[in-house]
Amino acid sequence: MRSLFAVAGLALLLLAGCGSEKRAEPTPTATATPPPARAEDPDLAGYSQGVKDYYVEVHDEPTGDEHADVEAEYHQPPKPAEAGLGDAITLTGVNIGIRQKVTVTKVDRAGDYTAVHLRLENTGITVYEAPLRNASVTYADGDPVGVEEGASAACSKGMDADPWRLDVGRTKTGCLLFPSHGELPPDRFQLALEIVPTNAGGIWNLGA
């Protein structure tokens with residue numbers, strides 16, 4: 001009888017001991033470490049976000065690779081980033097050799113349209129042959145509006161052509177037409193060459 005109680009007691013002690021064992025803690029789930037933020041190219045400081053997104057980084061220093069250096073020379077953001085009425089901005093395109101010095105000479109009305117008058121000089125090494133469609137004006141109370149498709153006026157001087165041509169070393173003047181906004185003049189004009197996005201183009205602050 002005594003041995004039976006002893007066995008039962010021993011079994012209870014063993015069960016109690018098992019219940020008091022520390023349970024294994026679950027292994028924590030590893031979390032991905034976010035990549036470090038990409039440092040902004042100091043050469044693009046002061047440029048619009050559209051220019052920063054398109055050009056990403058600029059290489060002005062020669063590398064010794066002739067092809068790479070020429071490609072870099074003609075893949076540059078607008079210089080300067082912004083200008084005023086009567087000032088010039090140098091723009092490049094998507095093809096090697098495309099470069100133009102662009103000046104906004106005045107802004108007025110041409111019939112029902114807002115006319116932005118331009119002087120463009122081909123300072124590159126390649127004939128420019130593409131429409132001037134990647135352009136916009138912004139009024140004080142609105143979003144950018146693009147070129148009025150199919151519109152033409154006396155001041156256009158062929159600048160509405162598709163394609164528009166400018167030979168190397170030549171200068172042409174004309175105007176681009178935009179939807180008017182009542183009598184309100186635009187505050188800003190933006191232009192990019194070839195298929196460079198408009199928001200990666202040069203900015204003219206017309207009220208400056």
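Leaving aside neighbours within four places in sequence, Thr 138 is in contact with Asp 143, Pro 144, Pro 186, Asp 187 and Arg 188, where contact means heavy atoms within 4.5 Å. Thr 138 is found in strand E6 and counts as buried, at 14% relative accessibility. Buried here is under 20% relative accessible area, exposed is over 50%, and partly exposed lies in between, with a 1.4 Å probe and protein chains only. This is a predicted model, in which local features need pLDDT of at least 70 and side-chain atom pairs count only at pLDDT 80 or more, while totals for chains, interfaces and linings use all residues. Residues are numbered from 1 along each chain as its sequence is written, and side-chain values use heavy atoms, with hydrogens and water left out.

- Strand E6 covers residues 135–138; strands (E, at least two residues) and helices (H or I, at least four) are DSSP runs numbered from the N terminus.
- Both faces of E6 are covered, with Ala 135 and Val 137 buried on one side and Ser 136 and Thr 138 buried on the other.
- E6 pairs with strand E10 (residues 188–191) in the antiparallel sense over four bridges, and two strands count as paired if DSSP finds at least two bridges between them.
- Within E10, Arg 188 is the bridge partner of Thr 138, and Arg 188 is also listed among the contacts of Thr 138.
- Strand E7 (residues 145–146) also pairs with E6 in the antiparallel sense, over two bridges.
- Val 137 stands opposite Val 145 in E7, and six residues lie between E6 and E7 in the hairpin that they form.

**The five-stranded sheet**

- E6 belongs to an open sheet of five strands in the order E1-E11-E10-E6-E7, with mixed pairing.
- Strand E1 (82–84) and E7 stand at the edges with a single partner strand each, so one side of each has no neighbour in the sheet.
- E1 and strand E11 (residues 202–205) pair in the parallel sense over three bridges, with Gly 84 opposite Asn 205.
- E10 and E11 run antiparallel and are joined by four bridges; Leu 191 stands opposite Gly 202 there.

**The chain as a whole**

- The chain has three helices and eleven strands, and from the N terminus on its elements run α-α-α-β-β-β-β-β-β-β-β-β-β-β.
- Of its 208 residues, 34% count as buried.
- Among contacts between residues at least 6 apart in sequence, 57% join residues at least 24 apart.
- The accessible surface comes to about 12500 Å², with 55% belonging to carbon and sulfur atoms; such areas come from the Shrake-Rupley method with a 1.4 Å probe, and for residues only the protein chains shown count as cover.

**Backbone points to look at**

- Most residues other than glycine have a negative phi, and most peptide bonds are trans.
- A cis peptide bond joins Lys 79 and Pro 80, with omega about -5 degrees, and Pro 80 lies in the loop between helix H3 (66–73) and E1.
- The bond from Asp 162 to Pro 163 is also cis, with omega near 5 degrees; Pro 163 is in the loop between E7 and strand E8 (164–166).
- Lys 157, in the loop between E7 and E8, has a positive phi of about 50 degrees and counts as exposed at 61% relative accessibility.
- Glu 194 has a positive phi near 50 degrees, lies in the loop between E10 and E11, and is buried with a relative accessible area of 13%.

**Enclosed space**

- Two cavities of 30 Å³ or more are counted; a cavity is a set of points on a 1 Å grid over the protein atoms alone where a 1.4 Å probe fits but cannot get out, and lining residues have an atom within 4 Å of a point.
- The largest cavity holds about 60 Å³ of space, a volume being the space filled by probe spheres set on the points, which are joined across faces, edges and corners.
- Residues lining the largest cavity include Arg 133, Val 147, Glu 148 and Asp 160.
- The second largest cavity holds about 30 Å³, and its lining includes Tyr 55, Gln 76, Leu 191 and Gly 201.

Technical notes
1 Å grid on protein atoms, 1.4 Å probe; cavity = no way out; pocket = protein on both sides within 12 Å on 5 of 7 lines; lining within 4 Å.
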